[in-house]
Amino acid sequence: MTGSGLRTGQLADAAGVNLQTLRYYERRGLLASPQRSPGGHRLYPSDTLTLLRVIKTAQRLGFTLNEVADLLDAGRHQHNRRPDTGLQARAKEKLVEVEQKLADLTVIRDTLRAAISAGCDDLVACAGSTCCPLPFAELGERNDRADTC
């Protein structure tokens, strides 16, 4: 670290991202354009490291970069912020999404376990069987296909 900021490589290393990520975040407006040293090196303020950690943490929590940008923008403009744009509201929305994904994954897990238990080994044969636990077996029932169990 220099007295006037972090160089690109130092910041990327400290944040655990690559150089292209920094430049991409700049283009997206997530990071402000850094000042330049007399030699032309990008120099980021030290608080940029915290901002990068916030962005990466939000992504790990399931927020898209667009959502992260909105959250950062809402945080910068708290005095004009609508109540439905802050972290509390967004976190509640994201939690609903995550819970739905968990429910969907539970159904997928249970269906795969049932397919393993049923000995399903051929997708085409299963598609025509009414006893196959895979969802497309319902299509076979609707088409009055022969039961191959």
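Reader: How many salt bridges does the structure hold?
Author: The structure holds 5 salt bridges. Keep in mind that this is a predicted model.

Reader: OK, what does Arg42 pair with?
Author: Arg42 forms a salt bridge with Glu26, and their closest N and O atoms are 2.7 Å apart. That pair links distant parts of the chain, with Arg42 in strand S3 (residues 42–44) and Glu26 in helix H2 (residues 19–28), 16 residues apart.

Reader: Is Arg42 buried or exposed?
Author: Buried, because its relative accessible area is 17%, and the cut-off is under 20%. Glu26 counts as buried too, at 14%.

Reader: And which residue does Asp70 bridge to?
Author: Asp70 goes with Arg90, with the closest N and O atoms 3.8 Å apart. Here helix H4 is joined to helix H5, across 20 residues. Asp70 is partly exposed at 41% relative accessibility, while Arg90 is buried at 16%.

Reader: Switching to H5, how far apart are its end C-alpha atoms?
Author: They're 45 Å apart. H5 has 32 residues (87–118), so at 1.5 Å a residue it should span 46 Å, which agrees.

Reader: Which residues in H5 are buried?
Author: Ala89, Arg90, Lys94, Thr111 and Ala115. What covers them includes helix H4 (65–76).

Reader: What does Lys94 meet in a salt bridge?
Author: One partner is Glu97, at 3.1 Å from N to O. Both lie in H5, 3 residues apart, about one turn of the helix. Residues three or four places apart point the same way, because an α-helix has 3.6 residues a turn. There's also a network of salt bridges linking Glu67, Lys94 and Glu97.

Reader: Last one: what follows H5?
Author: Gly119, whose phi is positive, near 80°.

Terms used:
Residues numbered from 1 in each chain as written. Predicted model: local features only at pLDDT ≥ 70, side-chain atom pairs only at ≥ 80, totals over all residues. Heavy atoms only, no water. Helix = DSSP H or I, 4+ residues; strand = E, 2+ residues; numbered from the N terminus. Expected span 1.5 Å × (residues − 1). Buried < 20%, exposed > 50% of the residue type's maximum accessible area, 1.4 Å probe, protein only. Contact = heavy atoms within 4.5 Å. Salt bridge = Lys/Arg side-chain N within 4 Å of Asp/Glu carboxyl O.
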